[in-house]
Amino acid sequence: PVSIFWFRRDLRLDDNAGLYHALKGPNKVLPVFIFDKEILDQLEDKDDARVTFIYETITALDKQLQENGSSLLVLYDTAENAWAQLLREYQIANVYTNHDYEPYAKKRDDTIQALLKKQEILFHTFKDQVIFEKDEVVKDDGKPYTVYTPYNRKWYQKLTPFYLKAYPNSKYFDNFFKTELLQIPALKDLGFEKSTLNFPAIHYKELIATYPEKRDFPAVEGTSHIGLHLRFGTVSIRELARTAYEFKEKTWLNELIWREFYMMILYHFPHTATKSFKPAFDRINWVNDEKHFEAWCKGETGYPLVDAGMRELNSTGYMHNRVRMVVASFLSKDLLIDWRWGERYFARKLLDYELASNAGGWQWSAGSGTDAAPYFRIFSPDSQLKKFDPQLKYIKKWVPEYADFSRYPKPIVDHAFARERCLKVFKEALSV
Ligand code: FAD
């Protein structure tokens, strides 16, 4: 019999918790990756860059496994069908995998666990993508935090070197199941094309010290662009947190803690993926003007910082955090378009798309979230521009026609008018 390690969003061999436990277990380990049809079928763009990234990553993983006499078994089907096939083809003793906290993943894992249980196969799951998960950092009464600052304080209180230690996987690489090369289906067999986007490299150490001064300026290379690697587990959170913890300056580590905070929130309040955390916000009478939405998506609103951000997103799959806050506020408050429309657009475009952080970030911006800015604090896109891109470097890069007033469109809505309208509409919804 074999053990199976099921890769999902933890696409690396080193310092991988579930894989470590599998390799230390009683059987040889067959590594498996499933291109989940249910997820792929929902993607709108045939050249979706995340699929290309996963594809290239698992191809590299397979090479690494071959160097150890093994190979990655890659299936393309629904998770349920793929597991039915595995059960037919292998005598499986144990299955190992890492926790995934998203509502879809939780449901999928329950189904697979039940399927395995029928054949008395144990499903072992581990924490891997965060330092603290689920109920590890909660209030004294055991309830989840809904405000970041006390969560952050408790997070540090709980931290010991143990939680930052790497799993020494490579010591046990002999325990991979030896097999000949298993064929990986081609990208086009999955119905996808190769994306032309560039993927950011893993580099973060150099920027931690200067992060506090540089991180708010979109024209400056002050942040890590590491979200994509965290999303798919091509870097270990323990390595990042350990490195960040060793610095005196904790601003960057605090951002990694925001990520865990939102994952914890999504785990405890799964409805926040699609509904407001504060239910009153679901009563807002959105305008939802489709033409305005289209102008926002294309970066043609007549507000240069909003337009620059959306164009950066459309052409690179990335947008700077400061600008994410500005475009999200503009959509939900100035245009009065349901934050979920924006959340879905980001989900389609962002390389680092992460349901927990995206829904969290959108709800923060719209004011409906756990730990949100009060709804009456409305960003002015022009003041944000003066503060965070005073020399218009970011604007020149993404909206070059801004310099020529005859070519740049007029604002699709007047901010002063929009501000008053937003206050009125939000107040009406919240005072019922
Ligand atoms: P760095 O500044 O170098 O930070 C390092 C890492 O810390 C990030 O990669 C991310 O994993 C984490 N992080 C940083 N800021 C936050 C934050 N505010 N909340 C949660 N985690 C954070 N982040 C995503 O990872 N995926 C999303 O889909 C996403 N959607 C967002 C939507 C909106 C409307 C807003 C306002 C923010 C969103 N964020 C999201 C948070 C943040 O903007 C990005 O994590 C950050 O810009 C990614 O760039 P970076 O990797 O260079 O980050």
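Here is a short exchange about the domains, helices and ligand shell of this predicted model.

Biologist: What should I know about numbering and cut-offs?
Modeller: Residues are numbered from 1 along each chain as its sequence is written. In this predicted model, local features need pLDDT of at least 70, side-chain atom pairs count only at pLDDT 80 or more, and totals for chains, interfaces and linings use all residues.

Biologist: Which residues make up domain 3?
Modeller: The bounds come from an automatic or database domain assignment. That assignment gives domain 1 as 1-128 and domain 2 as 130-167 + 204-268. Domain 3 is 273-430.

Biologist: Which helix gives the most to the side of domain 2 that touches domain 3?
Modeller: The contact takes 17 residues from domain 2 and 21 residues from domain 3; contact means C-beta atoms, placed from the backbone, within 7 Å. Helix 10 (227-232) and helix 12 (251-268) are the elements giving two or more residues to the domain 2 side. Helices are DSSP runs (H or I, at least four residues), and strands are E runs of at least two, numbered from the N terminus. With five residues, the top contributor is helix 12.

Biologist: Are helix 6 and helix 12 roughly parallel or roughly perpendicular?
Modeller: Helix 6 (residues 148-158) packs on helix 12 at about 110°, with the axes 10 Å apart. Axes are lines fitted to C-alpha atoms, for helices over the stretch in contact, and angles run from 0 to 180 degrees between N-to-C directions. Under 35 degrees counts as roughly parallel, over 145 as roughly antiparallel, 65 to 115 as roughly perpendicular, the rest as oblique. The two helices are therefore roughly perpendicular.

Biologist: Where does the ligand shell lie?
Modeller: 26 residues surround the ligand, the closest being Thr223, Ser224, Gly227, Asn358 and Gly361; a residue is near if its C-beta atom, placed from the backbone, lies within 6 Å. Helix 10, helix 12, helix 15 (321-334) and helix 17 (355-366) each supply at least two shell residues. Both domain 2 and domain 3 give residues to the shell, so it lies between domain 2 and domain 3.

Methods: Contact = placed C-beta atoms within 7 Å.
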